[in-house]
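Q: Could you take a close look at one helix and how it sits against its partners? I'd like the whole picture in one go.

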Amino acid sequence: MAIIINVDVMMAKRKISAGELSDKIGITPANLSILKNNKAKAIRFSTLDKLCQVLQCQPGDILEYTDD
């Protein structure tokens, strides 16, 4: 897939653990792992919104398009 999800990069920049992030955005650690490992087929706007709120970033900081 040409869309890369950089949640792990933003987590490292904000020094937040996976467990803490999953609690704050209201998804399971397993679903957060799917996002972190670029295995997700889709992401809800509500989840993206919560990620941006907690990580204090823009959607473009999390989502990246690459031409493969």
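A: H2 passes H4 in a right-handed crossing (right-handed if the near helix is turned clockwise from the far one by less than a right angle, left-handed if anticlockwise). Keep in mind that this is a predicted model, where local features need pLDDT of at least 70, side-chain atom pairs count only at pLDDT 80 or more, and totals for chains, interfaces and linings use all residues. Residues are numbered from 1 along each chain as its sequence is written, and side-chain values use heavy atoms, with hydrogens and water left out.

Helices here are DSSP runs of H or I with at least four residues, numbered from the N terminus. H2 covers residues 18-25 and H4 covers residues 45-55; their axes come within 9 Å and cross at roughly 120°. Axes are lines fitted to C-alpha atoms over the stretch in contact, and angles run from 0 to 180 degrees between N-to-C directions. The two are therefore oblique to each other (under 35 degrees is roughly parallel, over 145 roughly antiparallel, 65 to 115 roughly perpendicular, and the rest oblique).

So who touches whom? From H2, Leu-21, Lys-24 and Ile-25 meet Lys-50, Leu-51, Val-54 and Leu-55 of H4, contact meaning heavy atoms within 4.5 Å. Sorted by class, that contact has 5 nonpolar, no polar and 2 charged residues (Ala, Val, Leu, Ile, Met, Phe, Trp, Tyr, Cys and Pro are nonpolar, Asp, Glu, Lys and Arg charged, the others, Gly among them, polar).

Now for the other partner: the axes of H2 and H3 (residues 29-36) come within 9 Å and cross at roughly 110°, which makes H2 roughly perpendicular to H3. Here Ala-18, Leu-21 and Ser-22 of H2 meet Pro-29, Leu-32 and Lys-36 of H3.
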